[in-house]
Amino acid sequence: MDKVRASAAEAVADIPDGASLAVGGFGLSGVPDVLIQALHAQGSRGLEVVSNNCGVDGRGLGILLAAGRIARVTGSYVGENKEFARQYLSGELEVELVPQGTLAERLRAGGAGIPAFYTPAGVGTQVANGGLPWRHAPDGSVAVTSPPKEIRTFQGRPHVLEHGITTDFALVRAWRGDRHGNLVFHRSAANFNPLAAMAGRITVAEVEELVEPGELRPEEVHVPGVFVQRVVELTVRQAADKHVEKRTVRA
């Protein structure tokens, strides 16, 4: 029942080339930076990542991206990463853009054992009709496009069929966690973390504070330990190393 690993390096050591990963975080909030850095050092390549966004230049998943370790991204926002745009437009990276709410539900559905569901989001657009450019050729032309999806009408309104997402591994960051893998997230740092944790067949959680079983009240647990296979306790310095994507001040 004790799922704590000695280090982040040990926790990600068996992630192979070509593995699929669900990664928590939104922008730079709640991003499992320590696990991402350990995976970068480990050297896995050809990774297929499912995450809201792919970090920023030099931070978060942007570290793996800059090193050429990511082959495919399923996400909903890519606007703050110049290297992401370069790789996508040059044909080095395949990208599946998904409406943000749909991405969240696809992860939740996969974790809950639901193979597919219908949603009105995307009806009447290329999300449903197909034709979104997934991969470009080196000359800038479109090499691979998204396929059309099944449409059905419920109560007079068309809905598009979306499939649940499960991945080989998931990397998440929690505020508090116990040795059994029960996790608590802090405010907006929850974002996609609970959903990513559910979707991974093997979920690795880095926790800012490790507590003993029984210290977390059942009603405060956001992700029960049944979804988590490995826990990594962060040092005080690692837990405090948090970056802000954009700082603004009032005039």
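## Exercises on a predicted model

Of the 251 residues in this protein, 49% count as buried. The model is predicted.

**Exercise 1.** Find out whether the radius of gyration of the protein agrees or disagrees with that of a compact globule.

Solution. Begin with the chain length, which is 251 residues. For that number, a compact globule would have a radius of gyration near 18 Å. The protein has 18 Å, so the two agree. Next, take the box that the C-alpha atoms fill: along the principal axes it is roughly 50 × 50 × 45 Å. Last, turn to contacts with a separation of 6 or more: 72% of them join residues 24 or more positions apart.

**Exercise 2.** Describe the surface and the charges of the protein.

Solution. The accessible surface comes to about 12,000 Å². Carbon and sulfur atoms hold 54% of that surface. For the charges, count 26 positive and 28 negative side chains. The centres of these two sets are 4 Å apart.

**Exercise 3.** Of the eight helices in the protein, take helix 5 and work out its span, its buried residues and what comes just after it.

Solution. The secondary structure holds eight helices and 14 strands. Helix 5 covers residues 100-111, which is 12 residues. At 1.5 Å a residue, a span of 16 Å is expected. From first C-alpha to last, helix 5 reaches 17 Å, close to that value. Now apply the cut-off for burial, under 20% relative accessible area. The residues of helix 5 that count as buried are Thr102, Leu103, Ala104, Arg106, Leu107, Ala109, Gly110 and Gly111. Just after helix 5, Gly113 has a positive phi of about 80°.

Definitions and conventions: Residues numbered from 1 in each chain as written. Predicted model: local features only at pLDDT ≥ 70, side-chain atom pairs only at ≥ 80, totals over all residues. Heavy atoms only, no water. Helix = DSSP H or I, 4+ residues; strand = E, 2+ residues; numbered from the N terminus. Expected span 1.5 Å × (residues − 1). Buried < 20%, exposed > 50% of the residue type's maximum accessible area, 1.4 Å probe, protein only. Rg over C-alpha atoms; globule rule 2.2 N^0.38 Å. Contact = heavy atoms within 4.5 Å. Areas by Shrake-Rupley, 256 points an atom, 1.4 Å probe, with all protein chains shown as cover. Lys, Arg positive; Asp, Glu negative; His and termini not counted. Charge placed at Lys NZ, Arg CZ, Asp CG, Glu CD.
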